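User: I have a model open and would like to go through it with you. Can we start with how the helices pack?

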Amino acid sequence: EQVWTKVQNQLQDVDDVDASVTFEACQAIATGIPREGHSVVGAGTFRDAQPGWDLLAKEYVNLHLAEEVELYVSKGGGQLDSIEYLSNPSQDYMESAGGAMARLKLTLSP
């Protein structure tokens, strides 16, 4: 719940974003329950959620909850570069991560 509150607060500072619409879209993706007035969690929901979902994904990484990211950080000097929104549209990945994937910069040792 603290993460949601933090993301809601951060959304207030993003230009051209309706924080409440974005937050409701994020909730719909996270729960799989369509927003009020919608029959599915579809393309419009994902479009509206992007700013918030990006912030949620970054927070997930910052809280060290992304196992693969932690592996690359600890073994390969990886650093978060960006969040790739809807990078993997497979059903399993959409259900587990909303399609978002962390892009890392790796520093290779000689």
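**Helix packing, pocket and buried residues**

Analyst: Helix 1 (residues 2–11) packs with helix 2 (residues 19–31) at an angle of about 145 degrees, and their axes are 9 Å apart. Keep in mind that this is a predicted model.

User: Which hand does the crossing of helix 1 and helix 2 have, left or right?

Analyst: The crossing is right-handed.

User: Which residues meet there, helix 1 to helix 2?

Analyst: From helix 1, Trp4, Gln8 and Leu11 take part. They meet Ala19, Thr22, Phe23, Cys26, Gln27 and Ala30 of helix 2. By class, this contact has 6 nonpolar and 3 polar residues, and no charged ones.

User: OK, step back. How many helices and strands does the chain have?

Analyst: There are 5 helices and 2 strands. In sequence order the pattern reads α-α-α-α-β-α-β.

User: And what does the C-alpha trace span?

Analyst: About 55 × 30 × 25 Å along the principal axes. The chain has 110 residues, and buried residues make up 30% of them.

User: What share of the contacts join residues at least 24 apart?

Analyst: The figure is 47%, taken among contacts between residues at least 6 apart in sequence.

User: Which helices and strands supply the lining of the largest pocket?

Analyst: At least two residues each come from helix 1, helix 2, helix 3 (43–62), helix 4 (67–76), helix 5 (91–97) and strand 2 (101–105). Helix 3 gives the largest share, 7 residues.

User: How does that lining divide into nonpolar, polar and charged?

Analyst: It divides into 25 nonpolar, 6 polar and 5 charged residues.

User: Since helix 3 came up, where is Glu59, and is it buried or exposed?

Analyst: Glu59 lies in helix 3. It counts as buried because its relative accessibility is 9%, and the cut-off for buried is under 20%.

User: What is Glu59 in contact with?

Analyst: Val3 and Lys6, leaving aside neighbours within four places in sequence.

User: What about Thr45, buried or exposed?

Analyst: Thr45 is in helix 3. Its relative accessible area is 2%, so Thr45 is buried.

User: Which residues does Thr45 touch?

Analyst: Not counting residues up to four places away in sequence, Thr45 touches Ala25, Ala28, Ile29, Arg35 and Val40.

User: Ala28 is on that list. Where does Ala28 lie, and why is it called buried?

Analyst: Ala28 lies in helix 2. It is called buried because its relative accessible area is 2%.

User: Which residues does Ala28 touch?

Analyst: Ile33, Pro34, Arg35, Val41 and Thr45, with residues up to four places away in sequence not counted. Arg35 is touched by Ala28 and also by Thr45.

User: Last one. How many Å apart in space are Ala28 and Asn88?

Analyst: They are 18 Å apart, C-alpha to C-alpha, and 60 residues apart in sequence.

Key. Residues numbered from 1 in each chain as written. Predicted model: local features only at pLDDT ≥ 70, side-chain atom pairs only at ≥ 80, totals over all residues. Heavy atoms only, no water. Axes fitted to C-alpha atoms, helices over the stretch in contact; angles between N-to-C directions. Helix = DSSP H or I, 4+ residues; strand = E, 2+ residues; numbered from the N terminus. Left-handed = near helix turned anticlockwise from the far one by under 90°. Contact = heavy atoms within 4.5 Å. Nonpolar A, V, L, I, M, F, W, Y, C, P; charged D, E, K, R; others polar. Buried < 20%, exposed > 50% of the residue type's maximum accessible area, 1.4 Å probe, protein only.
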